[in-house]
Amino acid sequence: MVLAITIIFLLILSLLRLTLFIVFPSQGHSFMSLLPCFWLGIRYDLRYVGILAMLVLITASFSSLDPFSQKAGRRWLFFLVSLAALLLVLFYCVDFAHYAYLSQRLSASVLNYLTDTGISAGVVWQTYPVMRILLVLIAGTWLIRRIIIWIFRLIGKREDRPVSRKARAGWFVAVFLLLGLGIFGRAGQYPL
């Protein structure tokens with residue numbers, strides 16, 4: 001399940017990055033010239049997705065939060081996935097709107113607008129289709145959650161033979177190290 005979550009979120013992030021390139025092609029760059037940028041973006045996306053997957057891996061390793069055997073574990077898993085989906089869709093909605101208005105990707109400079117929230121909220125309401133953005137936010141979060149639930153049910157239906165403790169520990173360590181490498185960003189001494 002952890003690897004499925006990693007792959008799904010990584011695919012969604014990559015598709016959103018590609019969509020931004022397709023929707024706003026005004027820079028005059030070819031797709032091939034931007035491949036190194038896309039690769040760097042995938043590495044950063046893998047870091048954030050790895051953190052989510054690591055959280056799921058560690059919490060699901062406790063028997064009381066095992067999503068396949070405990071109701072509390074399922075609730076916790078779906079809560080984490082829903083929260084991550086909400087944050088992801090919110091970030092990209094704001095990023096797309098910011099880019100459409102200023103032709104710049106979202107950065108920390110947007111936090112300057114929080115100094116006078118009344119004026120900023122009025123500008124946002126007048127400039128952006130806030131209700132459509134809210135609908136996209138709700139629909140996107142719901143869709144990602146449904147995909148994860150569907151995959152969870154597919155994995156849960158498989159009838160596997162019982163796995164020994166040693167094999168489970170081995171898989172845990174292997175996935176932990178793989179996610180750790182994704183979070184670190186490279187196999188060298190210094191992180192991404």
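Predicted model: local features only at pLDDT ≥ 70, side-chain atom pairs only at ≥ 80, totals over all residues.

In sequence Leu-134 is 88 residues from Leu-46, and in space the two are 26 Å apart, taken from C-alpha to C-alpha.

Helix α5 also holds Thr-141, whose relative accessible area of 13% makes this residue buried, since buried means under 20%. When residues up to four places away in sequence are set aside, Thr-141 touches Ser-82, Ala-85, Leu-86 and Val-89.

## Overall architecture

The protein contains 6 helices and 0 strands, and its elements, read from the N terminus, follow the order α-α-α-α-α-α. Its C-alpha trace spans about 60 × 40 × 30 Å along the principal axes, and 32% of its 192 residues count as buried.

Among the contacts between residues at least 6 apart in sequence, 72% join residues that are at least 24 apart.

## How α1 packs against α2

Two packed helices are described by the angle between their axes and by the distance between those axes. For α1 and α2 the angle is about 150° and the axes are 9 Å apart, which means that α1 runs roughly antiparallel to α2, as angles over 145 degrees are classed in this way. The crossing in which α1 passes α2 is right-handed.

On the α1 side, the residues that meet α2 are Val-2, Ile-5, Thr-6, Phe-9, Leu-10, Leu-13, Ser-14, Arg-17, Leu-18 and Phe-21, while α2 brings Phe-38, Gly-41, Ile-42, Asp-45, Leu-46, Val-49, Leu-52, Ala-53, Val-56 and Leu-57. Sorted by class, this contact of α1 with α2 has 15 nonpolar, 3 polar and 2 charged residues.

## How α1 packs against α6

The pair α1 and α6 packs at an angle of about 25°, and the axes are 11 Å apart. The two helices are therefore roughly parallel, given that angles under 35 degrees fall in that class. Here α1 passes α6 in a left-handed crossing.

Val-2, Leu-3 and Thr-6 of α1 make this contact with Val-175, Leu-178 and Leu-179 of α6. By class, the contact of α1 with α6 has 5 nonpolar residues, 1 polar residue and no charged residues.

## The largest nonpolar core

In soluble globular proteins, nonpolar side chains tend to be buried together. The largest nonpolar core here has 36 residues, of which Ile-5, Phe-9, Leu-77 and Ile-148 touch the most other members. Two or more residues come to this core from each of α1 (2-23), α2 (35-60), α3 (71-102), α5 (130-157) and α6 (165-184), and the largest share, 12 residues, is that of α3.

Which residues does Ile-5 contact, leaving aside its neighbours within four places in sequence? Ile-5 is in contact with Val-49, Leu-52, Val-56, Leu-77, Val-81 and Ile-148.

Technical notes
Residues numbered from 1 in each chain as written. Heavy atoms only, no water. Core = buried A, V, L, I, M, F, W, Y, C linked by side-chain atoms within 4.5 Å. Buried < 20%, exposed > 50% of the residue type's maximum accessible area, 1.4 Å probe, protein only. Helix = DSSP H or I, 4+ residues; strand = E, 2+ residues; numbered from the N terminus. Contact = heavy atoms within 4.5 Å. Axes fitted to C-alpha atoms, helices over the stretch in contact; angles between N-to-C directions. Parallel < 35°, antiparallel > 145°, perpendicular 65-115°, else oblique. Left-handed = near helix turned anticlockwise from the far one by under 90°. Nonpolar A, V, L, I, M, F, W, Y, C, P; charged D, E, K, R; others polar.
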